[in-house]
Amino acid sequence: MTKIYAIANQKGGVGKTTSVINISAFLAASGRRTLVVDIDPQGNATSGLGYSKNEVEYTTYDVLLQEMAVEEACIHDDASRLDILPANPGLAGAEVELVNVIGREYQLKQALEKVDGRYEYILIDCPPSLGLLTLNALTAASDGILIPVQCEYLALEGLSQLTATIKLVQQYLNPSLAIRGLMMTMYDGRTNLSRQVVEEVRRHFPNKVFAAIVPRNVRLSEAPSYGQPINIYAPKSPGALAYKILAAELVKGDSK
Ligand SMILES: Nc1ncnc2c1ncn2[C@@H]1O[C@H](COP(=O)(O)OP(=O)(O)O)[C@@H](O)[C@H]1O
Ligand SMILES: [Mg+2]
């Protein structure tokens, strides 16, 4: 049984890619075969996991528009149990080219159905927009959406737009799309603001906010330039500990 989650928030810089990379790495490290789908033309999940954006042979583009099998397009890493369907700037063209495709919102869903059972987890890293690439991710996300929220002023701003999009997707494209959880990121325990933001988000989304909170941690921002997830780059850092607990919390909730 494969769990498929989209990690989405149309706001940039809130920790989507950092969360995808590190939650996936901990899921894989705990023995769960995991696939990262990079559907952001920036390709930050791809490079953050150590694959050069300019050297990848195939990308999510080939799956969305060339009918290539995920199996063939993705990079396999049996040692880490973490595979990736990579992205690079060429994927940006898909946003436009998909417009004329019949079933344009269903391309990723259909492709992922064919790898069903190969993975325990599939995490899709979305771009900071609500265009066709993100719609493909939300349509394919059979188990819901994970929303990173940065602990900063006006954190809730923009979430109403996202929840409106989720409702539309539920109505027309993917009835099973629910908010699986909100993940608080870049928490700074020294400020009242961070604490207030967490409280406010909890009030707006009762029982939907993960207990594990990701602190602001410089190790998390350094790791991508080494192409390593945090469990390899700095396994004892506060950031690693937080993502380890977050991944465990996700798994625990899933097994209920
Ligand atoms: N918990 C954190 N502590 C410190 N830096 C972080 C943390 N989470 C993310 N960052 C950094 O913030 C920036 C934006 O994060 P990123 O995951 O790329 O966001 P998004 O994918 O939503 O655009 C990146 O430079 C990343 O390294
Ligand atoms: Mg990103």
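Begin by selecting helix H9, whose buried residues pack against strands S5 and S6, where contact means heavy atoms within 4.5 Å and buried means under 20% relative accessible area, with exposed over 50% and partly exposed in between (1.4 Å probe, protein chains only). Helices (H or I, at least four residues) and strands (E, at least two) are DSSP runs, numbered from the N terminus. This is a predicted model, in which local features need pLDDT of at least 70 and side-chain atom pairs count only at pLDDT 80 or more, while totals for chains, interfaces and linings use all residues. Residues are numbered from 1 along each chain as its sequence is written, chains are lettered from A and ligands numbered from 1 in the order in which they are written, and side-chain values use heavy atoms, with hydrogens and water left out.

Stay with H9 and show the side chains of Ser 194, Val 197, Val 198 and Val 201, which are its buried residues. They lie on the same side of H9, because they cover an arc of only 100° around the axis, the arc being that of the directions from the helix axis to the C-beta atoms. An α-helix has 3.6 residues a turn, so residues three or four places apart point the same way. The end C-alpha atoms of H9 (residues 192-204) are 18 Å apart, which agrees with the 18 Å that its 13 residues should span at 1.5 Å a residue; the expected span is 1.5 Å times one less than the number of residues.

Next, select the strands. The six strands form an open sheet with parallel pairing, in the order S3-S2-S4-S1-S5-S6, where two strands pair if DSSP finds at least two bridges between them. S3 (82-85) and S6 (179-185) stand at the edges with a single partner strand each, so one side of each is left without a neighbour in the sheet. On average, neighbouring strands of this sheet are turned by 20° against each other, direction ignored.

Which strand is largely enclosed by the rest of the structure? Select S1, four of whose five residues are buried. S1 pairs with S4 in the parallel sense over five bridges, and Ala 6 has Ile 124 in S4 as its bridge partner. Towards S5 the pairing is also parallel, over two bridges, with Leu 146 in S5 as the bridge partner of Ile 7. At S2 (residues 34-38), four bridges join the strand to S3 in parallel, and Val 37 stands opposite Leu 85 in S3.

H8 (residues 159-172) lies across S5 (145-150) and S6, running at about 175° to S5; axes are lines fitted to C-alpha atoms, for helices over the stretch in contact, and angles run from 0 to 180 degrees between N-to-C directions. H12 (residues 238-254) packs on the sheet and touches S1 (3-7), S4 (121-125), S5 and S6, its direction making about 165° with that of S6.

Finish with single residues. Arg 81, in the loop between H4 (70-73) and S3, has a positive phi near 65° and is partly exposed, at 33% relative accessible area. Asn 207, in the loop between H9 and H10 (218-222), likewise has a positive phi of about 65°, and is exposed at 82%. Cys 74 is buried, with a relative accessible area of 7%, and its sulfur is 18 Å from the closest cysteine sulfur, in Cys 126, too far for a bond.

Technical notes:
A disulfide is a pair of cysteine sulfur atoms within 2.5 Å.
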